[in-house]
Amino acid sequence: MSLNERPSKLTLSAVAQEVGVSVPTVSKVVNGREDVAQGTRARVLAALQRTGYKSPLQRKANPVQRTVEAVFDSLNSAYNMEVLKGIMEQANVSDMEVILSVTGLQAAPPLGPEERAQRMVDEGRSGMIVVTSAFGTAHLEAFQRRQIPIVVIDPLNPPPADLFSVGASNWAGGKVAATHLLELGHRRIAYIGGPATAECSQARLHGYMAALMAEGITVEHEYVSAGQFRPENGAAAFKALVALEDPPTAVFAGSDSIAMGVLAEARRQGIRIPEDMSLVGFDGTYQAEESTPPLTSVSQPLQEIGRSALNFILRQMQGEDIDSRRVELATHLVVRESTAPPRDSASAPAREAGSAPARESASAPAQESASAPKPASRA
């Protein structure tokens with residue numbers, strides 16, 4: 001029997017007969033099992049998609065309900081909470097349900113890419129927003145094969161080139177942070193970044209390097225480090241920096257969470273911020289406003305990023321022809337009390353009488369991180 005002459009209720013047996021495989025093989029593909037040859041899996045998936053086969057879980061799902069899954073690595077950061085707030089606000093006005101998934105809380109072994117993607121289909125998810133989660137290419141491609149609308153925000157691993165993504169002008173933000181410190185007279189400026197594989201952290205690094213190199217300043221490899229976007233990374237990296245024979249006079253932290261670790265370690269060592277060392281963060285979260293001293297930080301429109309990600313999902317669901325697969329929103333520097341001229345500022349550029357740093361800089365124009373100079377070395 002041809003699938004074009006299929007009965008009203010399509011069965012796995014009919015799909016298996018059409019593809020020329022056994023019913024258990026089709027069942028394995030439907031249930032996301034990985035012990036199926038790649039070529040066979042592709043033929044079965046094509047037949048399932050062509051025929052509109054629905055598994056029992058799919059047939060039970062409410063066809064009217066629109067549900068998006070938001071995947072985070074954790075909910076312990078101010079960054080993630082701000083993004084989540086934007087997602088929830090947009091979902092409320094768009095009549096969408098949001099299911100939270102936190103990968104860092106999973107006690108059981110994670111599902112394989114095919115099994116995870118098929119579960120999305122079976123449970124009737126309309127799409128997925130992946131926020132700072134370490135989903136690899138295999139997972140993301142498995143979602144795409146099932147035509148699940150997906151958007152990534154600041155992925156920790158490089159995503160497939162054709163995937164939809166939302167973020168901020170990270171290169172421009174890194175450049176404006178370093179430029180602010182240079183204008184205060186600092187020349188020995190360190191960068192404590194996030195994971196080396198995270199494109200957002202690399203873009204911030206390249207922007208920082210571009211600002212220093214424009215002033216003829218060599219980027220010292222011991223001043224650049226990578227780690228997690230967490231306070232403990234900031235504390236450990238700062239401890240190593242102040243132990244150097246020629247420590248920096250300023251630090252640019254790749255996130256506000258990293259900056260919180262720097263502040264904590266500075267207090268432990270009796271180093272005053274900004275009297276002894278200046279500090280700039282990145283994100284512009286409530287942590288920056290409430291820290292002691294209040295943190296100068298590159299502000300991202302985090303809630304708007306969350307709203308834009310959900311809008312991307314909705315547009316994909318509606319079958320819109322979307323020209324650009326990347327939305328990049330502008331950043332701006334908010335100057336607070338954690339930055340000041342260096343103590344040895346005799347060599348610093350003199351300010352005009354009565355001049356003072358602006359409390360908030362103009363938005364920096366977005367630039368492609370690919371145009372930034374490549375790092376000479378990495379810590």
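Is Gln-147 buried or exposed? Gln-147 counts as exposed, because its relative accessibility is 57%, over the 50% cut-off. The model is predicted.

**The open sheet**
- An open sheet is built from 6 strands, and their order is E7-E6-E8-E9-E10-E12. The pairing in this sheet is mixed.
- Strand E7 (224-225) and strand E12 (332-334) are the edge strands. Each of them pairs on one side only.
- Strand E8 (residues 250-253) and strand E9 (residues 278-283) run parallel. They are joined by 3 bridges.
- In this pair, Phe-252 is opposite Val-280 of E9.

**Helices on the sheet**
- Helix H8 (residues 170-183) packs on the sheet. Its contacts there are strand E6 (189-192), E8, E9, strand E10 (296-299) and E12. The direction of H8 makes about 165° with that of E9.
- Helix H10 (residues 231-242) also packs on the sheet, where it touches E6, E7 and E8. The direction of H10 makes about 150° with that of E6.

**A closer look at H10**
- H10 is 12 residues long. From first C-alpha to last, H10 reaches 17 Å, close to the 16 Å expected at 1.5 Å a residue.
- Which residues of H10 are buried? They are Asn-233, Gly-234, Ala-235, Ala-237, Phe-238 and Leu-241.
- An α-helix has 3.6 residues a turn, so residues three or four places apart point the same way.
- The cover over the buried residues of H10 includes E6, E7, E8 and helix H11 (256-269).

**A parallel pair and its crossover**
- Strand E1 (residues 67-72) pairs with strand E2 (residues 97-102) in the parallel sense. The pairing spans 6 bridges.
- Ala-70 faces Leu-100 of E2 across this pair.
- Between E1 and E2 the chain passes through helix H5 (residues 78-93). This β-α-β crossover is right-handed.

- Ser-165 sits in strand E5 (residues 164-168).
- Ser-165 counts as buried because its relative accessibility is 11%, under the 20% cut-off.
- Its side chain makes a polar contact with the side chain of Arg-326, at 3.4 Å.
- Leaving aside residues up to four places away in sequence, Ser-165 touches Val-151, Val-152, Phe-312, Arg-325, Arg-326 and Val-327.

**Cis peptide bonds**
- Ile-273 and Pro-274 are joined by a cis peptide bond, with omega about 10°. Pro-274 belongs to the loop between H11 and E9.
- Thr-292 to Pro-293 is a cis peptide bond too, with omega near -5°. Pro-293 is in the loop between helix H12 (286-290) and E10.

- Gln-147 is not a glycine, yet its phi is positive, about 55°. Gln-147 lies in the loop between helix H7 (137-145) and strand E4 (150-153).
- Asp-283 is not a glycine either, and its phi is positive at about 140°. Asp-283 is placed in strand E9.
- Is Asp-283 buried or exposed? Asp-283 counts as buried, because its relative accessibility is 5%.

Methods: Residues numbered from 1 in each chain as written. Predicted model: local features only at pLDDT ≥ 70, side-chain atom pairs only at ≥ 80, totals over all residues. Heavy atoms only, no water. Pairing = 2+ DSSP bridges. Helix = DSSP H or I, 4+ residues; strand = E, 2+ residues; numbered from the N terminus. Contact = heavy atoms within 4.5 Å. Axes fitted to C-alpha atoms, helices over the stretch in contact; angles between N-to-C directions. Right-handed = clockwise from strand over helix to strand, strands pointing away. Buried < 20%, exposed > 50% of the residue type's maximum accessible area, 1.4 Å probe, protein only. Polar contact = N/O pair within 3.5 Å; in protein donor to acceptor, adjacent residues only side chain to side chain. Expected span 1.5 Å × (residues − 1).
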